[in-house]
Amino acid sequence: MRRRTPPPPSPLPQRDGIDPVRVRLPGLGPWATVGEHLSERFGPRRAGLLAEMFAAGRIVGTDGQAVPPDAAYVPGMFVWFHRDLPPEEPVPFPVEVVYRDEHVVVADKPHFLATTPRGSHVTETALARLRRELGLPTLGAAHRLDRLTAGLVLFTVRPEERGAYQALFRERRVHKVYEAVAPYDPALTLPVTVRSRILKERGELAAREVPGEPNAVSRVELLAHRPDGLARYRLTPHTGQTHQLRVHMSALGVPIRHDPLYPEVTAAGPAGDPRHPLQLLARELAFTDPVTGKDHRLRSGRTLSAWSPAGEDDGGAETGGPGGDRGVPRGQ
């Protein structure tokens with residue numbers, strides 16, 4: 001099989017921890033100039049912005065030099081530019097680093113912070129923040145955690161090693177344990193292993209269970225319950241379907257506290273209510289490092305607010321701190 005030639009390195013540095021946009025001109029087309037192609041690509045609504053970018057020399061080629069709009073169209077040519085990003089509402093919780101070496105960074109992500117740039121969340125993401133705060137422009141995510149879920153996320157330091165760490169998750173060689181606060185149902189027999197087929201369609205906020213061969217398996221255990229009707233659960237996913245734990249807890253009749261999507265989508269679905277964070281936490285992450293061979297068992301130091309000593313509805317306040325792998329260096 002013929003290997004694709006990797007693209008050339010970006011001539012532009014990151015901005016606020018965000019990579020520039022890279023565009024490769026198609027091999028065939030009716031365009032005589034770079035400007036003609038980008039005008040069609042941007043569309044008429046962004047014609048003014050494109051003209052400004054060309055005038056300011058913000059669109060550059062592989063050599064880092066500005067590309068004029070009348071530059072001859074060359075099939076396969078690369079151009080780079082930075083997007084103008086709208087202001088984002090800061091997430092007022094820190095990203096704690098629980099482990100760091102020359103290969104990986106394991107971070108303890110707060111609720112409401114996206115893992116990687118996507119949609120309207122770009123600079124206010126765990127990846128962008130860590131790139132800025134740690135001075136690691138090559139940092140990349142090995143997997144993703146839902147924006148509304150807090151807890152441990154694995155990032156890679158070296159781009160050439162990222163595939164090895166992503167394979168850990170793809171091949172289910174990472175042991176993940178979550179904790180959740182949800183209603184207590186004394187009639188529910190636990191522990192239980194839930195198996196179902198989950199479908200998440202593009203454009204739909206919520207996933208759903210459908211007939212067919214199971215593709216999602218979760219173990220649910222009761223850790224404790226209180227007189228106020230709430231309970232704390234340990235959730236162990238054996239597969240990695242979108243919203244799997246949230247779907248399975250809802251199907252058991254004990255939807256996770258403050259879930260804006262399950263059992264039904266509420267008005268807060270797209271963004272969530274910052275006063276009432278989803279009570280789901282990626283508590284533990286255990287894996288054997290595919291590069292160093294070291295065994296890691298890491299633990300989040302965060303506390304779910306509905307189970308905190310302060311009690312329910314504490315405004316989403318969280319505590320965090322390092323956990324697991326005690327004695328290892330946090331930085332080098």
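A: Let's start with the term we need: a pocket is an open set of grid points with protein on both sides within 12 Å along at least five of seven lines, and a lining residue has an atom within 4 Å of a point. Also, this is a predicted model.

Q: Fine. How many residues line the largest pocket, and which lie nearest its centre?

A: The largest pocket is lined by 45 residues. Nearest its centre are Arg 118, Arg 144, Asp 146, Thr 242 and His 243. The elements that give two or more residues to that lining are α4, β7, β11 (230–237) and α5 (244–251).

Q: What volume does the largest pocket have?

A: About 1,600 Å³.

Q: And what is its lining like by class?

A: The lining of the largest pocket has 19 polar, 14 nonpolar and 12 charged residues.

Q: What about the second largest pocket, what's its volume?

A: The volume of the second largest pocket is about 390 Å³. Its lining comes to 19 residues, with Ile 18, Asp 19, Pro 117, Leu 127 and Arg 131 nearest the centre.

Q: Which elements supply at least two residues of that lining?

A: α3 (126–134) and β5 (140–141) each do. By class, the lining of the second largest pocket has 10 nonpolar, five charged and four polar residues.

Q: What comes just after α5?

A: Gly 253, which takes a positive phi of about 90 degrees. Further along, the loop between α5 and β12 holds His 258. His 258 has a positive phi too, about 65 degrees, although it is not a glycine.

Q: How exposed is His 258?

A: His 258 is partly exposed, with a relative accessible area of 25%.

Q: And α4, which residues are buried there?

A: In α4, residues 162–170, the buried ones are Tyr 165, Ala 167, Leu 168 and Phe 169. What covers the buried residues of α4 includes β4 (104–109), β6 (150–156), β7 (175–183) and β12 (280–288).

Q: What follows α4?

A: Arg 172, whose phi is positive, near 60 degrees.

Q: Where are the cis peptide bonds?

A: One runs from Leu 190 to Pro 191, with omega near 0 degrees. Another joins Tyr 262 and Pro 263, where omega is about 10 degrees. Pro 263 is found in the loop between α5 and β12, and His 258 has its place in that loop as well.

Q: New topic: how many aromatic pairs are there?

A: Three. One of them is Trp 31 with Tyr 73, whose ring centres are 5.3 Å apart.

Q: Why does that pair count as tilted?

A: The planes of the rings of Trp 31 and Tyr 73 are at 40 degrees, so the pair is tilted. Stacked pairs have planes under 30 degrees apart and edge-to-face pairs over 60.

Q: Where do Trp 31 and Tyr 73 sit?

A: Trp 31 is in the loop between β1 (21–24) and α1 (34–42), and Tyr 73 is in the loop between α2 (47–55) and β2 (78–81), so the pair ties together parts that are 42 residues apart in sequence.

Q: Buried or exposed, those two?

A: Both Trp 31 and Tyr 73 are buried.

Q: Last, the overall numbers. How many helices and strands?

A: Five helices and 13 strands. Of the 332 residues of the protein, 46% count as buried. The accessible surface is about 17,300 Å², and 51% of that belongs to carbon and sulfur atoms.

Q: And what share of the contacts joins residues at least 24 apart?

A: 63%, among contacts between residues at least 6 apart in sequence.

Technical notes:
Residues are numbered from 1 along each chain as its sequence is written. This is a predicted model: local features need pLDDT of at least 70, side-chain atom pairs count only at pLDDT 80 or more; totals for chains, interfaces and linings use all residues. Side-chain values use heavy atoms; hydrogens and water are left out. Buried means under 20% relative accessible area, exposed over 50%, partly exposed in between (1.4 Å probe, protein chains only). Helices (H or I, at least four residues) and strands (E, at least two) are DSSP runs, numbered from the N terminus. Contact means heavy atoms within 4.5 Å. On a 1 Å grid over the protein atoms alone, a cavity is a set of points where a 1.4 Å probe fits but cannot get out, and a pocket is an open set with protein on both sides within 12 Å along at least five of seven lines; lining residues have an atom within 4 Å of a point. Grid points are joined across faces, edges and corners, and a volume is the space filled by probe spheres set on the points. Ala, Val, Leu, Ile, Met, Phe, Trp, Tyr, Cys and Pro count as nonpolar, Asp, Glu, Lys and Arg as charged, and the others, Gly among them, as polar. Accessible areas come from the Shrake-Rupley method with a 1.4 Å probe; for residues, only the protein chains shown count as cover. Rings of Phe, Tyr and Trp (its six-membered ring) pair if their centres lie within 6.5 Å; planes under 30 degrees apart count as stacked, over 60 as edge-to-face and the rest as tilted.
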